[in-house]
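Trainee: I would like to learn how to read a pocket and a helix packing from a model. Please take me through them.

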Amino acid sequence: MENKTLTIRASSLPSYQDCARRAIIPILYRRIVDSGYVLRDTRPGVGQCIGTACHAAAYSALDHKKHGTIGTSTDFHVDQAVSAYDTEIVDGIEWDAVTGNKNDAYKQIRTLVGSFCGEILPMVQPDGIEMAFEAVVPQSELPYEVYTSGHVDLDTVDWSVEDWKFGSVHRSHHAQMGDYSLLEKSARRTVSSVVVTQFPRTRISKPYPGAQRHVLDISVCERAAKSVLNHMIHDIAEYERTGSPWSFGCNPGSMMCSDKYCRARGTEWCEITKGMGDE
Ligand code: SF4
C-alpha cells in the first residue's frame, strides 16, 4: 500500500458541486501535473482578496470582543482589512464587474467591515475564532486515509457555528457547513445551529442592502456534506484506476468557467473547453 493520505477541505465541497474538474485541481495538483497536464496560471480575483481582507477584520473584531475590548473602533478593523488586502494583491489581481479598481475595493471593504461590526458583532458571543478541525472520513474506496479539515469562522458560546461570506452572489454552502458540523461532532460537541451570514459585495453605485443571515438545517447540511465527500472519494478512486480527467464531471456553464478563474480552461485537463475562447 502506498504511504500517502488525502485531505479534503470543507470549503472545497460547494466548489466541487459547481465544477468537480476545477475543484479537484488544488486537491490533486501534484498528481495531475506529474501526469503531464499543463495548467494555466491564474491571478486571484478581487472578490477573493476582499473576502480574505474582511475575514481578517472579522477576526480582529471578534478577538477584541472576546477579550473585552469591544470599544475598539470600526476604523481599526478596517485598517486590518486594508492591510490584508494590500498583501493579497501584491502579485496582481483580476478585477470584475462589481469591483473595477482599487478605490472601489477600499470603499467596499469599509462598507463590508462596517456591516460586520455594526450588524453582526453585537449579536454574537465569541468562543472559538477560526478554530481548525480535522477528522478521518469513513470510506473503503481508497487504500489510504482520507481526512477532511476546516477552519470555522466562529464558534459562539452557545455552540452555534457561524460562517461569513463576502461574495457578490449568494450560493448554497450547505455541504461546507455540514462538514463543519461533522468535524465539530467528531472533535468535541454537537453544534446547536449553523448560520451563514452573507455580506453582499455590491457595486459602489448601488446601495448596500445589509447583512443577510441564513440559518441552515443541520441535518440537511450534514447529508449534503457526506454526499459530496462520498462522490469526491468515488471519483478520486476512479481517477486512481483510469488516470482520466473524465473521472470528474465538468460544468462549462459554471460562473467560474473562464480564463480568469479556472486553471483548466482550454487545456487537456478540460478538453471540452479547448477552442471555446474565454467567456
Ligand atoms: S474550464 Fe470550465 S468546465 Fe473545465 S474545469 Fe474549468 S470551470 Fe470546469
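Trainee: What volume does the second largest pocket have?

Mentor: On a 1 Å grid over the protein atoms alone, a pocket is an open set of points where a 1.4 Å probe fits, with protein on both sides within 12 Å along at least five of seven lines. Here the second largest pocket has a volume of about 190 Å³, volume being the space filled by probe spheres set on the points, which are joined across faces, edges and corners. The model is predicted: local features need pLDDT of at least 70 and side-chain atom pairs 80 or more, while totals for chains, interfaces and linings use all residues. Numbering starts from 1 along each chain, and side-chain values use heavy atoms, without hydrogens and water.

Trainee: Which residues lie nearest the centre of that pocket?

Mentor: Lining residues have an atom within 4 Å of a point. There are 13, and Val136, Val137, Pro138, Leu182 and Leu229 lie nearest the centre. The largest share, 5 residues, comes from α7; helices are DSSP runs of H or I, at least four residues.

Trainee: How is the packing of two helices described?

Mentor: By the angle between their axes and the distance between the axes. Axes are lines fitted to C-alpha atoms over the stretch in contact, and angles run from 0 to 180 degrees between N-to-C directions. For α7 (residues 174-187) and α8 (residues 218-242), the angle is about 95° and the axes are 7 Å apart. The two helices are therefore roughly perpendicular, a term for 65 to 115 degrees.

Trainee: Which residues of α7 and α8 meet?

Mentor: Contact means heavy atoms within 4.5 Å. Among them, Leu182 and Lys185 are on the α7 side, and Val228 and Leu229 on the α8 side.

Definitions and conventions
Parallel < 35°, antiparallel > 145°, perpendicular 65-115°, else oblique.
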